[in-house]
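Thanks for asking me to look this over with you.

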Amino acid sequence: MRRTVRGVLAAMMLTAATACTITTEDPGYVPPAPLPPLEQLEQAALVDPEGYSTGDGVISFITEDRSVACSLTSARGEHVNLPYEQNNFGDSANNKLATVPVAHCELARYPKPGTGDVKDDCAGTNLGYLGGVVLLTPDSSRYGECRSGVTQMEATYGPNGSKAGPVAQLQVLGEGKNLEGNGLRCSAYNGGVACGNVSGGVGFFVSQGRYELLSGPAKSASPAPAEASKTP
């Protein structure tokens with residue numbers, strides 16, 4: 001009886017040993033290229049926006065590496081409703097302006113705007129049009145803005161940033177995750193963030209080193225330096 005039991009145990013151990021799987025890395029494996037921004041927004045699964053709500057219909061998030069912070073929100077003219085930037089969105093004088101859904105992102109470090117993407121002469125001075133901010137409406141996207149100071153994102157996670165404040169409290173959106181608000185979508189992927197109006201073919205991709213503005217069926221990239229520049 002003992003010999004039989006020992007024989008059965010030996011057979012079981014042999015079977016278990018031979019069933020083990022050993023995996024090795026394939027030196028020739030090349031990971032697939034990231035999807036184009038609008039395809040990423042269309043295909044990536046949506047996550048529940050409840051944990052990203054910052055009130056007043058605004059959905060905000062920050063990327064895992066704290067390089068980009070974004071909000072799916074609304075604008076009245078140039079006044080964007082943001083929970084972490086002072087703005088005049090709620091000013092009664094702006095109630096006459098149409099309320100438009102927008103996606104707005106800020107970067108801690110960022111590329112300069114390409115010459116063709118400078119859309120404002122900054123009150124006739126042609127000075128102070130800086131990168132680090134990108135805005136999407138249902139029918140257009142724009143990189144850069146006129147300002148004399150830094151954004152909250154740059155003040156928090158840029159060079160010598162405080163690492164504290166309202167931006168630091170935002171919920172992290174994991175790599176490959178997708179959020180939707182007011183018909184617009186944003187996804188953290190490929191080292192940055194893509195936002196877009198998928199049905200309209202309008203959107204953008206932005207990261208610390210580059211940005212891309214997408215308009216209509218044809219996708220056009222805006223040239224930007226390989227290294228991010230700092231705000232003067």
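**Notes on the disulfides**

1. Let's begin with cysteine 105, which is buried, as its relative accessible area is 0% (buried means under 20% relative accessible area, exposed over 50%, partly exposed in between, with a 1.4 Å probe and protein chains only). Please keep in mind that this is a predicted model, where local features need pLDDT of at least 70, side-chain atom pairs count only at pLDDT 80 or more, and totals for chains, interfaces and linings use all residues. Residues are numbered from 1 along each chain as its sequence is written, and side-chain values use heavy atoms, with hydrogens and water left out.

2. The partner of cysteine 105 is cysteine 70, and their sulfur atoms lie 2.0 Å apart in a disulfide (a pair of cysteine sulfur atoms within 2.5 Å). This pair links distant parts of the chain, 35 residues apart: cysteine 70 sits in strand E2 (residues 68-76) and cysteine 105 in strand E4 (residues 99-107). Strands (E, at least two residues) are DSSP runs, numbered from the N terminus. Cysteine 70 is buried too, at 0% relative accessibility.

3. Cysteine 122 and cysteine 146 are also joined by a disulfide, S to S 2.0 Å. The torsion about their S-S bond is about -90 degrees, so this disulfide is left-handed. Cysteine 122 is buried at 9% relative accessibility, whereas cysteine 146 is partly exposed at 32%.

How values were computed:
Helix = DSSP H or I, 4+ residues; strand = E, 2+ residues; numbered from the N terminus.
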